[in-house]
Structure formats: structure tokens, C-alpha cells
Amino acid sequence: MKMKNITELKAAMALAQNIVIIPHKNPDGDAMGSTLALHSYLVKKQKNATVITPNDYPSFLKWLPYNDDVVVYENNNQQAKKLISNADLIFTLDFNHLGRCGDLQEPLIANTKADFVMIDHHQQPDDYATYMYSDSSMCSTCEMVYHFIEQMGDLELLTKEIATCLYTGIMTDTGSFRYRSTTSTTHRVIAHLIDAGANNTQIHEQIYDTNTFSKLQLKGVALKNLRLFPEYRTAYISLSQKELNDHNFKKGDTEGFVNIGLSIDNIIFAVIFIENENEEIIKMSFRSKGDFSVNQFARNHFEGGGHDNAAGGKSDLNMSETIEKFMTILPQYKKELLDS
Ligand SMILES: [Mn+2]
């Protein structure tokens, strides 16, 4: 585990009583799994630990252990602010700059007392944290939390609850153990998590087999809207706000849709454009196979970033203008896409 001042962190943790744990806005399986696992671990260490999420998250994550103790900032900002100003230590998990936690950034910056601890696997992290465990070779923040607990000498504290949370995030961030970031170490960690009580079959079912009918109908629309550009080995999907509304859209309903394009033979670059009338933006997700870096692509053109093979971005243009912009940019990457 790469952290320079781990001894100092151990001392700071021993002294800290009130600890706050923060995932990024729109938390996913890895964000909720890692924060709730760390929460369980710190509670075992007799700390007052609280997970504060910037906003709400999908219902397929709400069965996770200690979910009921989560404070959602957008619903409960007074309580969240109080917890932050009383914190002795603030963990930020699964993101690399404070802007990623939306409106929660403001009370975090206003707090001057607590040191930050970053545990994260995204590229090019900001340096707001006193204690930084940043490693972009890691498949998930959940695997990092496992190594963190290991480094603390506390693997014997691994409960079924911690194991369940960590398994969930590793599974969701690796596409069920198939992405390139999945290593033999990842599998050794997973083996230990199953030994510690994580029920792999049940976790998979709770995440992936809890679809609603309207979500599957929306997937049908996404499939119908899929466009292919074999000359660029690229595919994209678009979903308008109306299409979302017509299918009773709930947070998380479009999760995984971007991967549909990548499942087509010879396609290595997949994009989804999702209209968000509320925020007046088009939200974009990018996925790739091989060496084509969607992190770089998103950073260069769509105010985003992430990992080499999975990134996000946004556009202030409308849907057709955004797609037009994308199609104008694409030819610049032709050689890279064909060589990848
Ligand atoms: Mn992650």
C-alpha cells in the first residue's frame, strides 16, 4: 500500500473520535461499498463514524449493511454540517477532487479543523488530503479499503458486514471481475471476503437481479437508440428526458447501459448521452477496451475524466448539438481507435 505518512495516520486515527466518511456525488456500488465498509470498521474500533453522501443513491444499494445510518446531505444538510464541523478526521473515498462531491464541497472546505484522508483509485488526484492513499492501478476503492485495514493490522476485525460491502464494490467496479484492473491479488482479497462471510450469489442477485419492468423497457429504448460507427469502432446510445420520464426513471436505472455498445464485436469505444433537463446538461459516460483512454478523451472535450477504460463527462449543449460535437471530434481519434 502506497502512503508515505501511514505512521502519522495511525497516530491521528488513535486520537480521532468523530470521523466522517464521504463518497462522491451520485454514489455507485464502489462508493457506497467502500464508505459503508470503512464505517463498519471504524465502529468496530469504537469510533463515532458517519457516512455522509452528497445526494441520494440507487435503491439497489440500499440493502447494504449500515445503510440506515447514512446521512444524505441534500435531504439533511444541517445535521451533515454539524457532523462535519465536529469531525476530527474526514475520509474521502472513491474520488480525486473535492468538486466531485457537489454542494457538499462547501461545508467541507469551510471546515478547518479536521485533516483529510483520501482513499481513491482515480487518476491525477488533487492534493487536498493530508493523508493520501491514491493508486490508479487498483480495480476499486473497496479493494483499497481492504489493503488499508490490512495495513492497520486489523484484518482480524473483518466482519461479514465489512466483507459484504467490500465484495459489492469490487464486483461492481470490475464488471463482475472481468475488467483489466482485476488482478490475482483482487481474487485473493475476494477469497478472503467470502471466507469472512460475504455471500457472493446473494450480493450479485441483490445488485443485478432487482430490475423493475419499466427499467427493462427503458433498456429497450436504449437498444433502439444505439448507433454504430464500425469505421471508428465506436457505438453510442442517447436517452432524452422524455424517454426517461415515459419509463418512470429512477436514479441508477441507466447504470450499465453504456456497456451495451462494448458488447458488439469489434467495438472498443462506447458512449451514452443522457439528457438532464433539471441541470440543463447532457450527462455522458464513456467506456473503452484496450489502450484507448476515455479518461483523456473526456478531459480533452467534455469536462470530465475518470479511468483509462471508464470515464464520465458533460455538455452544456443540447442533445443533437452534443452528438454533433462528438461526431466532429471522433475522426481525430481514428488512428488511435483502429490501432487500439
Ligand atoms: Mn471506484
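Mentor: Happy to! A word to settle before we start is "buried": a residue is called buried if its relative accessible area is under 20%, and exposed if that area is over 50%. Keep in mind that this is a predicted model.

Let's look at strand 1, residues 18-23. Of its 6 residues, 5 are buried, so the strand is mostly covered. Strand 1 runs parallel to strand 2 (residues 48-53), and 4 bridges join the two. Within that pairing, isoleucine 21 stands opposite valine 51 of strand 2. To get from strand 1 to strand 2, the chain passes through helix 2 (residues 29-44), making a right-handed β-α-β crossover. Strand 1 is also joined to strand 4 (residues 89-93), again in parallel, by 5 bridges. There, proline 23 has leucine 93 in strand 4 as its bridge partner.

Now move along the chain to another sheet. This open sheet has 6 strands, in the order 7-8-9-10-12-11, with mixed pairing. Strand 7 (227-229) and strand 11 (305-306) are at the edges; each has a single partner strand, so one side of each lacks a neighbour in the sheet. Strand 11 pairs with strand 12 (residues 310-315) in the antiparallel sense, over 2 bridges. In that pair, glycine 306 has alanine 311 of strand 12 as its bridge partner. Packing on this sheet is helix 13 (residues 319-329), which touches strands 7, 8, 9, 10 and 12. The direction of helix 13 makes about 160 degrees with that of strand 9.

Lysine 325 sits in helix 13. With 32% relative accessibility, lysine 325 counts as partly exposed. Leaving aside residues up to four places away in sequence, lysine 325 touches His301, Phe302 and Leu317.

Finally, look at helix 9 (residues 213-224). Its 12 residues should span 16 Å at 1.5 Å a residue, and the end C-alpha atoms are 17 Å apart, which agrees. Ser214, Lys215, Leu218, Val221 and Ala222 of helix 9 are buried. Viewed down the axis of helix 9, these buried residues fall within an arc of 105 degrees, so they line one face of the helix. On the other side of helix 9, Phe213 and Lys224 are exposed. The cover over the buried residues of helix 9 includes strand 8 and helix 10 (241-246).

Conventions. Residues are numbered from 1 along each chain as its sequence is written. This is a predicted model: local features need pLDDT of at least 70, side-chain atom pairs count only at pLDDT 80 or more; totals for chains, interfaces and linings use all residues. Side-chain values use heavy atoms; hydrogens and water are left out. Two strands pair if DSSP finds at least two bridges between them. Contact means heavy atoms within 4.5 Å. Axes are lines fitted to C-alpha atoms, for helices over the stretch in contact, and angles run from 0 to 180 degrees between N-to-C directions. The expected span of a helix is 1.5 Å times one less than its number of residues. Buried means under 20% relative accessible area, exposed over 50%, partly exposed in between (1.4 Å probe, protein chains only). The arc is that of the directions from the helix axis to the C-beta atoms. A crossover is right-handed if, with the strands pointing away from the viewer, the path from the first strand over the helix to the second runs clockwise.
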